Amino acid sequence: MVHAGASAVRATGPSPWALVLAAGESRRFGSQKLLAPLDGRPLIEWTLAALESARAGELVGGILVVVRAKDRELRESLPPGVDRVVLPAGSAPALSDSLRAGIAALASRATPAVPAVLICLADQPGLRPDVIAALVNDWRNGKGPVLRPRYADQPDQPGHPLLLDRSAWTLVDATTEDSGLGPVLYSRRELVHQVEVTGSNPDMDRPEDIGPVPGPER
């Protein structure tokens, strides 16, 4: 079954926190891409807006963004209701560093404990609340410790966001450099539940990638 149009769902139950990875160096873009304008808004605002909609619908319990200390303008652009982890100045963090820092920060939250994490890439403005709803609802229904969307227009590409139950957070310990969780999950495919969704959710890595926001009308 392909999920679509689930953004209006106000499901009940435990809610994951969203972890937004925004500490990349934007080498291929040539400047801080997360502040690049897309339809009149900085790129990262599209991602955060989708997550705020999901939080309003009780699908996400909170939002945590991992940023670098030297990205002052980006840090100051984050709205007040968003938590942040700031990676040290002078560091060149790999994707695995951002993942570990974010998971460590969420693991330290005790009241209440965070039951799961929704890992989001900040350079994917096509993130949609209906996809988040499909992942969270399947997780609440016990479909697996790891849930990943498979987009109809990108069926051969690993989809994001990625939902990890707290019981699967130790998988992050096995990540290396910029490979992220991809190789780890490939070796543990039995843990991953694929959620079929419509549309696509591409990265925007280069200036020429900046264009219409993909997916259904936002």
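**Figure 1. Helix α1 in the predicted model, residues 43-56.** The model shown here and in the other views is predicted. Helix α1 consists of 14 residues and spans 21 Å between its first and last C-alpha, close to the 20 Å expected at 1.5 Å a residue. Its buried residues are Leu43, Ile44, Trp46, Thr47, Leu48, Ala50, Leu51 and Ala54. An α-helix has 3.6 residues a turn, so residues three or four places apart point the same way. After α1 comes glutamate 58, with a positive phi near 60°.

**Figure 2. The open sheet of 7 strands.** The strand order is β5-β4-β1-β6-β8-β7-β9, and the pairing is mixed. At the edges are β5 (83-87) and β9, each of which pairs on one side only. From one strand to the next the twist averages 25°. In the chain as a whole there are 5 helices and 9 strands, and along the sequence they follow the pattern β-β-β-α-β-α-β-α-β-α-β-β-α-β.

Figure 3. Valine 66 is placed opposite valine 85 of β5.

**Figure 4. Strand β6 and the strands it pairs with, β1 and β8.** Of the 6 residues in β6, 6 are buried, and the strand is mostly covered. Ala116, Leu118 and Cys120 point one way from the strand, while Val117, Ile119 and Leu121 point the other way. In a regular strand the side chains alternate between the two faces of the sheet. The pairing of β6 with β1 is parallel, over 5 bridges, and leucine 21 stands opposite leucine 121 of β6. The pairing of β6 with β8 is antiparallel, with 4 bridges; here the bridge partner of alanine 116 is aspartate 165 in β8.

**Figure 5. Helices α3 and α4 lying across strands.** Helix α3 (residues 95-107) lies across β1 (17-21), β4, β5 and β6 (116-121). The direction of α3 is at about 155° to β1. Helix α4 (residues 129-140) lies across β6, β7 (146-151), β8 (162-165) and β9. Helix α4 runs at about 145° to β7.

**Figure 6. Serine 96 in helix α3.** The relative accessible area of serine 96 is 3%, so this residue counts as buried, the limit being under 20%. Leaving out residues up to four places away in sequence, serine 96 touches Thr175, Thr176 and Glu177.

**Figure 7. Leucine 191 in the loop between α5 and β9.** The loop lies between α5 (182-187) and β9 (192-197). Apart from neighbours within four places in sequence, leucine 191 is in contact with Pro145, Val146 and Leu171. Alanine 168 is 23 residues away from leucine 191 in sequence, and their C-alpha atoms are 8.9 Å apart.

**Figure 8. The chain as a whole, with its 218 residues.** Of these residues, 50% count as buried. The chain exposes about 10000 Å², of which carbon and sulfur atoms supply 51%. Among contacts between residues at least 6 apart in sequence, 72% join residues at least 24 apart.

Methods
Residues are numbered from 1 along each chain as its sequence is written. This is a predicted model: local features need pLDDT of at least 70, side-chain atom pairs count only at pLDDT 80 or more; totals for chains, interfaces and linings use all residues. Side-chain values use heavy atoms; hydrogens and water are left out. Helices (H or I, at least four residues) and strands (E, at least two) are DSSP runs, numbered from the N terminus. The expected span of a helix is 1.5 Å times one less than its number of residues. Buried means under 20% relative accessible area, exposed over 50%, partly exposed in between (1.4 Å probe, protein chains only). Contact means heavy atoms within 4.5 Å. Two strands pair if DSSP finds at least two bridges between them. Axes are lines fitted to C-alpha atoms, for helices over the stretch in contact, and angles run from 0 to 180 degrees between N-to-C directions. Accessible areas come from the Shrake-Rupley method with a 1.4 Å probe; for residues, only the protein chains shown count as cover.
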